[in-house]
Amino acid sequence: QNKDPVKVGVLTSRTGVWAEMGEEVARGIMFSIDNANAAGGVDGRKILVAEGDDEGNPDAGRRGAEKLARSGHNLLIGSIGSAVSLAIVQGLDRWDAAYFATISKTDRLSGDSCKARSIRTVQSDAIDIAMINKWAPKIKGENFAVIASDYAWGHDSSSSFKKAVESSGKKVSLSLFVPLGAKDYSPYISQLKAAKVDAIWAAIPARDGIAFIKQAGEFGLLATTPVIGHAMLSEFIVRATGNNQEGMVGTLGYGADFQYPLNQAFVKAWKEKFNRVPTETEALGYLGSEVMLEGVRRAKSVKPAEVTAALRGAEVDTILGKLTVRAADNQLVVPNFVARVKNVDGEMRPVIEEVFTPDNAPPASPLCKM
Amino acid sequence: MLGINLFNGLVYGALLIIMCSGLALIYGLRRVVNFAHGALYMLGAYLGYSIALHTNFWVALVAAPAVMALFGVLLDRYGFRLLQDREPLSVVLVTFGLLLVIEDFVQTVWGKSNLSLPAPELLAFSIDLFGTQVPAYRVGVIVVGAAVALGLSLWLRFSRIGLFVRAASTDPATTAMQGVNTDNLSAVVVGLGTALAGLAGVVAAPFLSLSPAMSADVLIDSFVVVVVGGLGSLAGAFVAALLLGMVQSIGAVYLPNVAVLLPFLLMVAILIWKPAGFAGSRT
Amino acid sequence: MTAILNLENVHAYYGAAHILHGLGLSVSAGERVALIGRNGVGKTTVVNTILGLAQMKAGAVSFGRRQISRLRPYMAAKHGISVVPQGRCIVANLTVEENLLLGAANGRKGHWDVPKIYKLFPILQERAHTPGTALSGGQQQMLAVGRALMANPDLLLLDEPTEGLAPVIVDQLADIFNLVADQGTALLLIEQNMSLVARVAHRYLAMSKGAIVARGGVVNSREGLDDLESHVMV
Amino acid sequence: MSNFVLQADDVAIHYGGVKAVDGVSLTLEKGQIRGLIGPNGAGKSTVIDAMTGRRRLTRGRVMLRGQDVSELGVVERRKIGLSRSFQRTSIFGGLSVRKQVELASVMMGVQDARADAEAVLRELDLLHLSDIEAEDLGYGEQRRLDLALALVGRPSVLLLDEPMAGLSVKESQDLAQHLKKLTSSWDVSVLLVEHDMDVVFGISDAVTVFELGRVIASGEPKVVRADPRVREAYLGSAA
Amino acid sequence: MTFQRMGMYTLVALAVGVLASALITSGTVLSLLTQAVIYAIFALGIGVLLRQNGLVSFGHALYFGAAGYIVGLLLNMRLMPAELAILVALLCLTAFAFLIGLVIVRVPGIAFGMLTLAIGQMFFLSASRSRGVTGGADGMSIDWPSTLFGFTQSQILHPANLFLVCWVTLIVLMILLTLLLRGRFGVITEAVRDNEERARFIGISTVLPRAAVYALSAAITGVGGILAALNTGFISPESLHWSLSGMALMMVVVGGFKVLWGPVLGAVVYFLFKDVLGEFATHWMAIFGIALITVIVFAPSGMAGVLQRLMGQGKKKPLRAAGGEEAAAGAGYQAQAQ
Ligand SMILES: Nc1ncnc2c1ncn2[C@@H]1O[C@H](COP(=O)(O)OP(=O)(O)OP(=O)(O)O)[C@@H](O)[C@H]1O
Ligand SMILES: Nc1ncnc2c1ncn2[C@@H]1O[C@H](COP(=O)(O)OP(=O)(O)OP(=O)(O)O)[C@@H](O)[C@H]1O
Ligand SMILES: [Mg+2]
Ligand SMILES: [Mg+2]
């Protein structure tokens, strides 16, 4: 009975650029942990939580992770920025910790920077892109424009969309790249309007995306040309853009209306507590935490290396179905979604239109050597 | 296409004018490079947001800057005045501290999410310009920017207080010796500068989104403007603001690869050519 | 006679440096007083104290009947005391004319206005719209005097007004100071040039080490000059 | 080649429209003190600025011992013996008196910098203040320090811009005697801009008078002093 | 300070370091101290620039981050051994800073600060957007070899050892700096800071020494950057961002820049303070802001100044502002130049 408690370090952005998402991730994680504790813990152990702030900054993130890990809270979870996650995984061996990436999508976490002690539970960029390859050719229209944030992710999104579209004989006639942190999108919007395309592929994340959508609405672009959003349908974006996004189609990492018993139970419990459905970010936090706790359950241990080892190659039952933690790269192979923003009960939110099952995911990266 | 780009540049330039005239005024009189100016802009925007929610945009346009003016007066009275004998760097860092406090305050009061304030009904339509539809609100922004620039120039050039402000900006001790109540003058100027930051915030709210990060975004641009224009020089700031607005909108279209770097390249080039900026007479 | 300016037992400091040691002086309406002494005895510090630019840790300053406990720099001008500072302090980004207008900031009306100043110093009119600091040292000194007069002061503090001036200009200034004084403005003249002192002042105060050590009347003669010079030759 | 140590040929400096100096020629012989006087704004300081390289010439050239130095920078000119003082004291407030004079001496490439600095400080009666930071000195002392900085390294030409300004009568007289002594003992030539006529006419070997950026008289002190134009433009009652 | 005194201080400082690394068993505390010492070196660089040039840099993170990037790239390319890579990185940075310095130190006052900010941001943006080599916004991990200067990686990375390495580096840098600044170079740079124009008139060409100080400060900061890269094994564009420069500058001012150890003190206090904030950490910005303002208002010469006063060795009169051309407003009207 005197088993060691599970000591979790919830490290996410409490301040900094991702503070808003950080709040949601933490809420999802805590929901999972509180539920587990209420049900008597996992593997007969209580779960103790310590929190940290990564400030959205790799250095602060690494510092926070080290502090949590060295104080015994060495099951780390929750950081948002890819750079923060990459910085954290460098130190896992030194601090004897494990890390669960719930939001960071960069391929490097399951590629050249993959670690035996790190498991990712969210779609990697590669999984997203595989889905785009499948989905893009089906999008209506012949002539497209692309607008994406000017960094690796945006370029990847743009080029894979372009490739997918061109492979089906259609074309992309305009590609724009917008600096991160841009405030005024009018120069881009006027170019998009002038291009007179059938649809626009937009890959501008988070805060920048909000600004883009608002201004595109203001200039009447959204009314004339459909905009398809890559990672732009998250609830916190939809909330901030008023009614601008109504009818917008795009990719989504989780949908509350996903038909799966565990998910329906989760959504129901969430509704009881918060009186609304969980958001994408909240659910992804929850999912990550559930996988982590499942690891403890299977390992019958709280030693980080054993927890992750127990998960490696395992099949776990989650809110997104029975999924495998791929042994080659510790990536949870998750499904992917296409959704449309709709007015549900007087509130805008993304509603799932199409599910891309895990078998769409590409194979593990050869760069990963654990 | 070029026409609409120039228009877009003008809009952002106008916003920068409102923002930077406050920064330049405060620097001029207090020799303080106000790192909190971006935070004040943000505070103005959020205040405007709340006021507009309860009343309407036009009330917010007046009330938020008024509240900010009061804040500025207090800042001068209980901040800058007490620190006026300190070396400039200390005061700069005090404003840096203030920035941290204001950002935290805004996050605590209004939350960390992005908020959005719709354009006022009166301006919620589009007009046809250079063959494209542009939101009328943006034309309004240009009008406000022009009004601020013109009003400030006339005020400084022709009014008695304007003369005192110019004098005190160069040599506060001598100006005081002539019987100008420099304490009150500073309070007025810092109040005005802060109000202008607030005004910029309210003006920006409907077309740039409200977020706790909006402060840092605009701060660097503002620094580029006031430094390129010549620290403390209003005329210089006006020119530099328009230039930066244009450079950004034209650059985004014609030089997309280096567009982000353009403001900085502009600053480096101009400072190397004229170390004290456009209007700088200081050597 | 009422004193326009009264300093009693003033102890003034720059930081920790104790400069004025219990200095007292008083100037009445219409008087012409010279304050003399070697370099560094604290003459400028007297001016700075009156203007509130040095820290006064003990003593009292009064303008007219009003006791001033905590001095703000603009107070003196409001009470009719204006200064031609050592070093001139022309405001760089103002034109010559604006510098003059700045002198009128205390809002007192009286004899002097811009045209009268231009009549006094025609060169200033010629350069009315050039920046004040683009003038030579001597021209700036004229501007500083003109600016001080614009305040229509009851008392004019002149801190080495002829430093660096050509003799002709010094002559001209001597006449101007006399003219100003004749119109009822009191003068407190700090000066190294004793012949100017002899031509302008009626009474002198000699300073040494931050206090008044001698006082007396001024006679415009060889002997008078020798007497004055003896106080600064020590 | 002439035997002039310093020579300005048709030097002009214009600030925008203002012709501060407009075609001035000046010479300085070895060991000579030349007084340079003129109304305020005549361009005296500007000429010094021009000769030392602080301002660019609009026209003309400056020769030091027969070499054209017009294109040289401030530092080079100082190193080949052209030194100056400032109308407004210009010293290193945060350094001790000894440190800064010694530094100047080192920069001039003097072998025994310490001794050189001490000699100069003794000359100017600053030795007892050696360890005080310059900003704590009195005004007169600061002016002497300014001069000391100009004197180290035994420059061959000294351009002094109102060194007596703000000094008491006695201090001025001492300084004047001092300069006189220097010219003979050190063989230094001095261009002395000064408004103290007793000093200028007392120690100068020659006097040049400027007005409005041009030379209006030049020659022996007595002759210049008697010149009616000079009396009218400048001297007034001091004549 | 005599040489004996200096030697004694050095020994004491080294002993303190050895004792700390031996006695402190908590890995958390040691890693916190290591972090503080690394930033102390960063701050030391900024402090030198401020003290010797009177120039404020808002862009020194450039050198902090670039050091890590250069070493990382050299190691990833496997061109040379790590020891050499460190040296090459430092030399590159110093040379680069010197060249940049030749141009930018001509710009006066706060505008210089803005210029450094602009240059730093350009590199930040370029690093964020670059794809491939530097890993763009995601950053890159640094492949340190298994042995470095004859020690194995796990030896070096052991918290106590790593702390000692950083601590000794800091002490060595401070000794070298003290010696350097006490000599001719120190006097020349102080003279140039005090009165640039006059310096030229006593034969000092003023750009070179200022650029040299800038390069020196960049090199010191670069050493900090390399240690940070060693400590984290990872580098990302955030290490180049101006807010990091601002934070380091804050340490410098809070610590006090009039003495060499002021910035060091500032860095240590910063990290300890941030650590004890604990559960108030979500409001760290406000708490920090208020603390920063408080220190500046009540301790104008930083904590070093306060300490000196407590120990009774402070100067009686406050040192003059080195911040720039602006004379403090109340200093009396004689301050104005013609
Ligand atoms: N800002 C200051 N800080 C510290 N000491 C100062 C300051 N200003 C002047 N002093 C010192 O105070 C003393 C008196 O200076 P003050 O300027 O009043 O002399 P003064 O009589 O006007 O001399 P001068 O005839 O040279 O103008 C001098 O020793 C001077 O060094
Ligand atoms: N920076 C400047 N810009 C424009 N004009 C200037 C500048 N500096 C000086 N002048 C003008 O150049 C002329 C010569 O000035 P300069 O300072 O050389 O005179 P000076 O003979 O030294 O006078 P003083 O005896 O008063 O010092 C003056 O008319 C002055 O107004
Ligand atoms: Mg004086
Ligand atoms: Mg002159």
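Figure 1. At a relative accessibility of 22%, D:S45 counts as partly exposed. The model shown here and in the other views is predicted. D:S45 belongs to helix α1 (residues 44-52) of chain D, whereas D:Q87 sits in the loop between β6 (82-84) and α3 (97-107), so the pair ties together parts of chain D that are 42 residues apart in sequence. D:Q87 has a relative accessible area of 18% and is buried, because buried denotes a value under 20%.

**Figure 2. The magnesium ion (ligand 3) and its protein donors in chain C.** The protein donors of this ion are OG1 of C:T44 and OE1 of C:Q86, at 1.8 to 2.1 Å. C:T44 is part of helix α1 (residues 43-51) of chain C, and C:Q86 is in the loop that runs between β6 (81-84) and α3 (96-103); the pair thus links distant parts of the chain, 42 residues apart. C:T44 is buried, its relative accessible area being 12%. C:Q86 is likewise counted as buried, at 9% relative accessibility.

**Figure 3. The interface of chain E and chain A.** Contacts here involve 29 residues of chain E and 28 residues of chain A. Between them the two chains bury about 2400 Å², with 50% of this area on carbon and sulfur atoms. On the side of chain E, the residues that lose the most area to chain A are E:R131, E:D138 and E:F234, which together account for 22% of what that side buries.

**Figure 4. Polar contacts and salt bridges between chain E and chain A.** Between these chains, 10 residue pairs are in polar contact. Three salt bridges are found across the interface. E:K274 forms a salt bridge with A:E55, in which the closest N and O atoms are 2.8 Å apart.

**Figure 5. The elements of chain E that touch chain A.** At least two residues of this side are supplied by each of α2 (27-53), α5 (109-129), β1 (140-141), α7 (159-182), α10 (207-232) and α12 (261-276) of chain E. The largest share, five residues, comes from α2(E). Sorted by class, the side of chain E that touches chain A holds 10 nonpolar, 13 polar and six charged residues.

How values were computed
Residues are numbered from 1 along each chain as its sequence is written. Chains are lettered from A and ligands numbered from 1 in the order in which they are written. This is a predicted model: local features need pLDDT of at least 70, side-chain atom pairs count only at pLDDT 80 or more; totals for chains, interfaces and linings use all residues. Side-chain values use heavy atoms; hydrogens and water are left out. Donors are N, O and S atoms within 2.8 Å of the metal (3.2 Å for Na, K and Ca); water is not among the atoms, so sites may look incomplete. Helices (H or I, at least four residues) and strands (E, at least two) are DSSP runs, numbered from the N terminus. Buried means under 20% relative accessible area, exposed over 50%, partly exposed in between (1.4 Å probe, protein chains only). Contact means heavy atoms within 4.5 Å. Buried area is the accessible area (1.4 Å probe) that two parts lose on being put together, summed over both. A salt bridge is a side-chain nitrogen of Lys or Arg within 4 Å of a carboxyl oxygen of Asp or Glu. A polar contact is a pair of N or O atoms within 3.5 Å; within protein, one must be able to donate a hydrogen and the other to accept it, and residues adjacent in sequence count only if both atoms are side-chain atoms. Ala, Val, Leu, Ile, Met, Phe, Trp, Tyr, Cys and Pro count as nonpolar, Asp, Glu, Lys and Arg as charged, and the others, Gly among them, as polar.
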